[in-house]
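Here is a friendly tour of the pockets, surface and backbone of one protein model. Have a look at the structure below, and then we can go through it together.

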Amino acid sequence: MGRMEQLLRDAAQRAVRYLRGLPDRPVAASPQALARLAELDVPLPDKPMADQDVLALLDEVVGPATTAMAGPRYFGFVIGGTLPAALAANWLAGAWDQNAALNQISPGTAAVEEVALRWLVDVLGLPSGTAGGFVTGATMANLTALAAARHAVLAEVGWDVEAQGVFGAPPVTVVVGDEAHPTLLKALALLGFGRDRVTRVRADGQGRLRPTLIPALTGPAIICAQAGNVNTGAVDPLAAICAQAHTDNAWVHVDGAFGLWAAASPALRERVDGIGYADSWATDAHKWLNTPYDSGLAFVRDAAALRAAMGVSAAYLPTEGATRNPSDYTPELSRRARGVEVWAALASLGRLGLADLIERTCGYARRFARELSAAGYPVLNEVVLNQVLVSVGDAGRTARVAARIQADGVCWCGSTVWQGRPALRISVSNWSTTDEDVTRSIAAIRTAAESAG
Ligand SMILES: *Cc1c(COP(=O)(O)O)cnc(C)c1O
């Protein structure tokens, strides 16, 4: 034990040093740090390396080549940091090393995950009784929830898709908005629906699916709506979509990878009005809830549909009796107990802290928009959540400005093309971002934009 203890203390010390340095280091890894990665490029050694040397190599060579994503001025993609309680819970759960598949073998983590699911259904305003599963991210959450949808709409017409597959099945109409996330289409492809076979509905200037353009649906049908467009943050008109879909007996799935969290804020809840009328939802915990990677959540109103799609049975596996087996709700059998971190994040924030996290980051997004547009850089989106699209010129200039921001290292933003218009993307998703961080980042963005030719 002495050796293990020594090593864990060493790891804790190194981790603390890393975290302490986060606010002050350049956000992107330096060219020197990237060059040192070549030191890793050796054949697998024959002889064991001492544990403390393994750790030192990681800390000294890999650590500096990381991006300060966990820090307060990373605004790329939609990337949160890690709340202190969530990171600490991740370490502890790592030590527990539970296989979270089955209640019988890991009752503690099964219980904590069940409570976390109940809290989430409550705080996100989902219908009571909604079932859920802990998966790796929104891609897998979309896949999981849509597998339940596929089960339900085909069972309705007498087809057992788990047994018979999709070949020869009654056709399922799948409707997606033009601005659906590419991973939603990937999930549909994995389920046999085909990326190009789906019915695409035109979106408006913010990326919202227009419900009036959804065709009349007959037979098995699934409509994929979105809460939180990855560029604009826009939310589809969920109440209208659900009302229309349900008159046609269609299933509504919502990709709410980050946007679903608006439901946890009394001030922003109206932005996702109608969310509770849908049939399934996908979201991420590793984005706006600020848990460590990898952590996504699938929710399905009809628990039996999710169990039918995901359940496994075999003589050596305990069957679900009075207790819930987590693996009956996810694609994976063996997996880590990532729900422990979700529980820890929720417990450490409380209802008020969660609302504050969501509202605070949205407030910073509005501040970016206000001050950058006042400085002469038009904002292309209505800033309804935490995403801001800032125009700094044509594609070439936008790329140069983004490269300058990243090389300068005060903050990190990427670029995108929104409906034909190049833009910088700013996503404010980190719990630790402060007013001062936003002030410094706006100044850095302005300097880069002014000096890029
Ligand atoms: C990020 C995102 C995804 C994919 O999530 P992962 O966690 O990366 O799998 C899907 N949909 C939307 C709207 C997203 O923002």
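Which element gives the largest share of the nonpolar patch? It is α3, with 3 residues. Helices such as this one are DSSP runs of H or I with at least four residues, strands are runs of E with at least two, and both are numbered from the N terminus.

Before going further, a word on the source: this is a predicted model, where local features need pLDDT of at least 70, side-chain atom pairs count only at pLDDT 80 or more, and totals for chains, interfaces and linings use all residues. Residues are numbered from 1 along each chain as its sequence is written, and side-chain values use heavy atoms, with hydrogens and water left out.

**Surface patch**

The patch covers about 530 Å² and is made by Leu 34, Leu 37, Leu 40, Met 49, Val 54, Leu 57 and Leu 58. Patch residues have over 30% relative accessible area and no salt bridge, and nonpolar side chains (Val, Leu, Ile, Met, Phe, Trp, Tyr) are joined within 5 Å. The areas come from the Shrake-Rupley method with a 1.4 Å probe, counting only the protein chains shown as cover. Met 49 sits in the loop between α2 (31-36) and α3.

**Pockets**

Pockets are found on a 1 Å grid over the protein atoms alone, as open sets of points with protein on both sides within 12 Å along at least five of seven lines; a lining residue has an atom within 4 Å of a point. Grid points are joined across faces, edges and corners, and a volume is the space filled by probe spheres (1.4 Å probe) set on the points.

| Pocket | Volume | Lining by class |
|---|---|---|
| Largest | about 850 Å³ | 20 nonpolar, 12 polar, 3 charged residues |

For the largest pocket, 35 residues form the lining, and Ala 15, Tyr 18, Leu 19, Ala 70 and Leu 87 are the closest to the centre. Two or more lining residues come from each of α1 (2-21), α3 (51-62) and α4 (84-96). Domain 1 (3-68) and domain 2 (88-345) each supply at least three; these bounds come from an automatic or database domain assignment. The C-alpha centres of the two domains lie 36 Å apart.

The second largest pocket has 15 lining residues, with Phe 77, Val 78, His 181, Val 230 and Lys 287 nearest its centre.

**Backbone and salt bridges**

Most residues other than glycine have a negative phi, and most peptide bonds are trans. Asp 97, in the loop between α4 and α5 (107-123), has a positive phi near 50°. The peptide bond from Tyr 293 to Asp 294 is cis, with omega near -10°.

The model holds 21 salt bridges, each a side-chain nitrogen of Lys or Arg within 4 Å of a carboxyl oxygen of Asp or Glu. One of them joins Glu 5 and Arg 9 at 2.8 Å, N to O; these residues are 4 apart in helix α1, so about one helical turn separates them.

How values were computed:
Nonpolar A, V, L, I, M, F, W, Y, C, P; charged D, E, K, R; others polar. Patch = residues over 30% accessible without salt bridge, like charges linked within 9 Å, V, L, I, M, F, W, Y side chains within 5 Å.
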